[in-house]
Amino acid sequence: MGFDTSIKVLIVDDFATMRRIVKGVLKQLGFSNIVEAEDGSAALSELKKDPVGLIVSDWNMPKMSGLDLLKAVRGNASLKDIPFVMVTAEGQKENVIEAVKAGVNNYIMKPFTPETFSEKLEKVLGD
Amino acid sequence: MSQGLKPIGKQLELMALEVVTLDGEDIQSLGKIMNSIDAIEGLSGQIDQPVFRRLTGAVKQYLEKLILFEESDVAPLEEGVGCLQDIFRAASREEDFKKDMGPLLEKLGPPDLTPREENVKETENHDSNENVQNQDAEEIQELNEEDREILSDFVSESLENLASIELNLIDLEDDPENLEAINAIFRPFHTIKGVSAFLHLEKINKLAHGSENLLDKARDGDIKVEGNVVDLVLESVDMLKRMIQGVEEGLRNGTALERGLDINPLLDKIQSFISRSDALSGKLLGEILVEEGVITKEKLDESLKEQEEKPDKKLGEILVEERSADPREVVEALRSQKKFGGKKPLDLQIKVDTKKLDILVDMTGELVIAQSMLRQNETLISVGNQKLNQNLNQLNQITSTLQKTAMSLRMVPIRSTFQKMVRLVRDLAKKSGKQVTLTMGGEDTEIDRNVVDELYEPMVHMIRNAVDHGIEEPQTREANGKPANGSLQLQAYHRGGNVIIEISDDGKGLDRERILEKAKANKMVTDEADLSDSEIYNLIFQPGFSTAREVTEVSGRGVGMDVVKKAIEKLRGRVEINSTPGQGSIFTINLPLTLAIIEGMVVKVGEERYIIPALAILESFRPEKAQYSTVKGKGEMVLVRGKLIPLIRLDRIVGTKGKYQNPWEGLVVAVEHEKYQMCLLLDELLGKEEVVIKSLGENLKHIRGLAGGAIMGDGRVGLILDVAGLFEIAREDY
């Protein structure tokens, strides 16, 4: 795989089961340094404590949505360059366009396989 | 070049640069281009070339497809952007642009107003579902430990989330356009949909998806979350719960994870609801266009008629085709429809801990007292300064307004309590096979926060009784010439400083004879004693009736009604029942507006003042000497309207010495508690007053006979008598 799996990854999702699934996929791909947050605002405080090399965030969360988190990250001078992958539900095309306009690095639609996830990461982290 | 064109030129340059350096699937660059295109679209009115706007739209559409990976060839995008630059250059030289755009527009794809993607989505869905099904069949027995753990996590988390939906639905019925609440309901469905797809739980996924679509409509403001929609959502919640519990069982027993529940009828219902709401949403667009003055009302009606003949066309399309409206105007209207779609502006609100509120109310009370002491300060009065008096008056006004406001902070509408009954009635009716329509009125009636919480249980009890025993089976009702659908009504209103809550049903009413019979058997009434109907009905609130099962099931009510009465009395309220055989019953709950204020009679005994809660007082009078007698073994009695009532000397109970020791010199106040009566002997009535109740503090809390203290107008303390406690003391002492 053409990307560095030693970077720290932040998974943001309000549903613990979903975090677990994403974590499982990331582990399969070789990542081991993984932290979790259950919504956008928790993610932000996590990021301020210790920046990460990749954010994988759900779209629909209480308190602070994935889009708001993305905007906050892009608007913060020290965080704005962190690669950001948005997880959206199938069929939410409007959301995808919104996220792309807000500067997301890539997006992935649920449900996804480790293979497609890996492809996306390749595009985001590769070089 | 005109000033207006400059920003367009700038955005075009930016965009062209991104396009040239675009490297395959570079989502971030596509995002930047998208932002430029959006900006250009907003400014395109500046360019007097219709083709520029059309091309901008086409490029944007193609860009969306690139982002969504529906197209991968970037060449048409490059060509489109190049062409936009050409038109722009021509426009800035004020020349016409003559090139034929047909082939390019073709390459960029046909402009589609219809949501073609819906269909695409549907077919995608079906495909993936079939795949899932196949995998499911193969993988069913080979769940590894990790899968099992994830599945059981999913079960518990989903059930938790589903439980939250019911609560949020209540909020939503309160305010059907509350986006926050819709989102809170939407989220569990959405998440369950997402996770179930990973876990290959096909049916759960399908149902969650259907419910999500429904709520999506609500989020867009196309449908309101009320009545039928709430029913549908609740039905989906119940079905999902059962299916997820099925997964749990499957995990435990190693059987199939998805039980053979048939979700199709429910899905069909949801789908037909969505289609109906789609048919409706066009009208709103028309209304907006009429309001904006784009078309006339007559024109709208005409076009709507045409739409009926061509149901697959949208109103906007018809109007554009007829050239009644400019596409831009339609888009504008669509946008404002989306933005303002009947949503009302939110009141600004903050949440405050009720403890803080209580302190505020308490301190305001203290302020009122301090203020009144100041006014009665003799030194200040003797100054006789007019300015000082003015200032004191102003202080008086401010404090009393402040007090009223502080009191109102504790008040909440009774709506949420009423709304909690919706589900209860629905479930009860279903369980008992009856048809019940719940209607409510006066939901905005405000009531003390603390009362609202305490009110819930007794109301549930009464409603349960009304549905279980009051309202008849549909067949019985029809046989009696009533509509099969029973009616249950909740009504709240203010009357004379009290809040009245009525629970009425149109069921069979109470059986007077059976109640009387049972009461006699239980020795609750001595003989045929001339009891009014109302007195007989109210017997069911007596403790003895709670065990009278066989009678109550025939007569309708009664199981545990004494509990209801006690709970209401704890709130210093009363409950009464009225009933007409064959026509139904009405329960009336009468509550004080707030627990913080009590209406009382201020009385004087010796040098002390006491307050008797007005609710307990029957009458006050000075007895004739002849009315007074002493009965052996029972103590002193007063004859009131032919009835001997025990006389209690208040001064003895409170430990002071009254001015008058002969009842015919002093004054007697007859009070009542739970059907027992007694006469209190005291010196003088000082008048009725509303006083703020203050707790006596931890140390004095358990003194019997006293409910609390109150600060009187002159700043001194008066004690509020607890009538129930007085009865207890009297019973032991006399």
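# A working chat about chains A and B

Reader: Where do we start in chain A?
Author: With an open sheet of 5 strands in chain A, ordered β2-β1-β3-β4-β5 and paired in parallel. This is a predicted model, in which local features need pLDDT of at least 70, side-chain atom pairs count only at pLDDT 80 or more, and totals for chains, interfaces and linings use all residues. Residues are numbered from 1 along each chain as its sequence is written, while chains are lettered from A and ligands numbered from 1 in the order in which they are written.

Reader: What counts as a strand, and when do two strands pair?
Author: Strands (E, at least two residues) and helices (H or I, at least four) are DSSP runs, numbered from the N terminus. Two strands pair if DSSP finds at least two bridges between them.

Reader: Which strands stand at the edges of that sheet?
Author: β2 (34-37) and β5 (106-110) of chain A. Each has a single partner strand, so one side of each is left without a neighbour in the sheet.

Reader: How much are neighbouring strands turned against each other?
Author: By 20° on average, direction ignored. Axes here are lines fitted to C-alpha atoms, for helices over the stretch in contact, and angles run from 0 to 180 degrees between N-to-C directions.

Reader: How many bridges join β3 and β4 of chain A?
Author: 4 bridges join β3 (residues 54-58) to β4 (residues 84-89) of chain A, and the two run parallel. A:D58 is opposite A:V87 of β4(A).

Reader: Which helix lies across β1, β2 and β3 of chain A?
Author: Helix α1 (residues 16-28) of chain A does, at about 150° to β1(A). Helix α2 (residues 40-49) of chain A also packs on the sheet and touches β1, β2 and β3 of chain A, with its direction at about 160° to that of β1(A).

Reader: On to the contact. How many residues does it take from each chain?
Author: 26 residues from chain B and 23 residues from chain A. Two residues are in contact if their C-beta atoms, placed from the backbone, lie within 7 Å.

Reader: Which element gives the largest share on the side of chain B?
Author: α8(B), with 9 residues. The residues on that side of chain B divide into 11 nonpolar, 6 polar and 9 charged. Nonpolar covers Ala, Val, Leu, Ile, Met, Phe, Trp, Tyr, Cys and Pro, charged covers Asp, Glu, Lys and Arg, and the others, Gly among them, are polar.

Reader: How many helices and strands are in chain B?
Author: Chain B has 26 helices and 18 strands.

Reader: Is helix α17 of chain B largely buried or in the open?
Author: It lies largely in the open, because the number buried is 1 of the 24 residues of α17(B). Its end C-alpha atoms are 35 Å apart, which agrees with the 34 Å that residues 386-409 should span at 1.5 Å a residue. The expected span is 1.5 Å times one less than the number of residues.

Reader: Which strands pair with β18 of chain B?
Author: Among them is β9 (residues 608-613) of chain B, which pairs with β18 (residues 717-721) in the parallel sense over 2 bridges. There, B:I611 has B:I720 as its bridge partner. β17 (residues 706-711) of chain B pairs with β18(B) in the antiparallel sense over 5 bridges, and B:G709 is partnered by B:L719.

Methods. Buried ≥ 20, exposed ≤ 12 C-beta atoms within 10 Å, placed from the backbone.
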